[in-house]
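Take a look at the chain below. The paragraphs after it lead you through its parts one by one.

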Amino acid sequence: MSLDDPLIVSNTADAVNTSPQPAAAASALPPRFSCFVTGTDTEIGKTLISSAMLHALVQRGVRACGMKPVAAGAELRDGRWHNDDCDQLAAASNVHLPQSITTPFLLREAAAPHIAAALEGVTIAAVPILAAYVEMNAAADATVVEGVGGFRVPLNDDFDTADLAAELELPVVLVVGLRLGCISHALLTVEAIAARGLKLVGWVANETVADMAFADENVAALAQRIDAPLLGRVPRLATPGAQAAAAHLDFTLLPNWPAHTKL
Ligand SMILES: Nc1ncnc2c1ncn2[C@@H]1O[C@H](COP(=O)(O)OP(=O)(O)OP(=O)(O)O)[C@@H](O)[C@H]1O
Ligand SMILES: [Mg+2]
């Protein structure tokens, strides 16, 4: 049935007289914000920056939820399997969902995901992740999805984290761990993001090591070559945490970043 159908036009007109217009109601909804956070490597600050983003969203009164679709490395505490990344993202979120939704693949062994999965006889697949993501989006107005390791980490024989970001159709934020070698790692990742048809919407320079030699020059070289806004440079923090990191970042540079302060 086409939208030009007279019956539908007439029904819509009736509805206008008795209830708010659907279009007006939709425009009153808060803007949605979602992104995929990747990094130049493992252990370079993806969780810290994702948590900072969630913290900033929550500060704005947005219903925000973090997702770590694949996590490798878990320990049993209080009768539940815990992963540090998942716990940090949950602590920074104000929408809390079952771990089966925020992390459909929680693997016990702290190893490359496809190896950890094989040890448990599990095959990581896109469909359960996409289904969980849809559920998250129904419950939250903002979602921050943290990748695994770098951008091309295999998840199964023919599916990697870049494929996952593409399946989710999310804009990408790149965390660059400032260390010797990071320029090439960052530029290769930028190329890989573009090769998947994804949009790099921002990047972060994260000082994972203290007093890196020529840090300013490295950041300048990256800024000159990356065609996306630098959201900020996070120094080596004495006590790393979401709030402390967020103080160094300007997320308003991201498209669809919610401008309102209260829902
Ligand atoms: N700017 C910083 N100052 C101090 N410590 C930091 C900083 N950035 C990251 N760290 C610390 O480095 C470690 C790795 O950071 P994080 O867990 O965010 O990395 P990651 O990229 O998410 O790692 P993974 O690949 O395991 O998911 C953590 O202990 C974190 O607290
Ligand atoms: Mg992490």
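What percentage of the 263 residues in the chain do buried residues make up? The share is 41%. A residue counts as buried if 20 or more other C-beta atoms lie within 10 Å of its own, as exposed if 12 or fewer do, and as partly exposed in between, with C-beta atoms placed from the backbone.

This is a predicted model, in which local features need pLDDT of at least 70 and side-chain atom pairs count only at pLDDT 80 or more, while totals for chains, interfaces and linings use all residues. Residues are numbered from 1 along each chain as its sequence is written, and chains are lettered from A and ligands numbered from 1 in the order in which they are written.

Start with the parts list. The chain has 11 helices and 12 strands. Helices (H or I, at least four residues) and strands (E, at least two) are DSSP runs, numbered from the N terminus.

Six strands form an open sheet with parallel pairing, in the order 2-7-1-10-11-12. Two strands pair if DSSP finds at least two bridges between them. Strand 2 (64–67) and strand 12 (230–234) are the edges, and each pairs on one side only. From one strand to the next, the twist averages 20°. Angles run from 0 to 180 degrees between N-to-C directions, and axes are lines fitted to C-alpha atoms, for helices over the stretch in contact.

Helix 9 (residues 182–195) packs on this sheet. It touches strand 1 (33–39), strand 10 (172–177) and strand 11, and its direction makes about 165° with that of strand 10. Two residues are in contact if their C-beta atoms, placed from the backbone, lie within 7 Å.

Now follow strand 11 (residues 200–206). It runs parallel to strand 12, joined by 4 bridges. Trp203 has Leu230 as its bridge partner in strand 12. Strand 10 and strand 11 also pair in the parallel sense, over 6 bridges. There Val172 stands opposite Leu200. Strand 11 is mostly covered, with 6 of its 7 residues buried.

Val172 also belongs to the largest nonpolar core, which has 69 residues. Such a core is a set of buried Ala, Val, Leu, Ile, Met, Phe, Trp, Tyr and Cys residues joined through C-beta atoms within 7 Å. Ala52, Val172, Val176 and Val204 touch the most other members. Helix 3 supplies the largest share, 7 residues.

Move across to strand 7 (residues 142–146), where Thr143 is found. Why is Thr143 buried? It is buried because 26 other C-beta atoms lie within 10 Å. Its C-alpha atom is 5.6 Å from that of Gly66, 77 residues apart along the chain.

The loop between strand 11 and helix 10 (215–225) holds Asp211. Phe214 lies in the loop between strand 11 and helix 10 too. Asp211 is not a glycine, yet its phi is positive, about 55°. Phe214, also a residue other than glycine, has a positive phi near 60°. Asp211 counts as exposed because it has 7 C-beta neighbours inside 10 Å. Phe214 is exposed, with 11 other C-beta atoms within 10 Å.

Finally, turn to ligand 1. It is surrounded by 17 residues, and the closest are Thr42, Gly45, Lys46, Thr47 and Pro240. A residue is near a molecule if its C-beta atom, placed from the backbone, lies within 6 Å of it. Helix 3 (residues 46–59) gives the most to this shell, with 3 residues.
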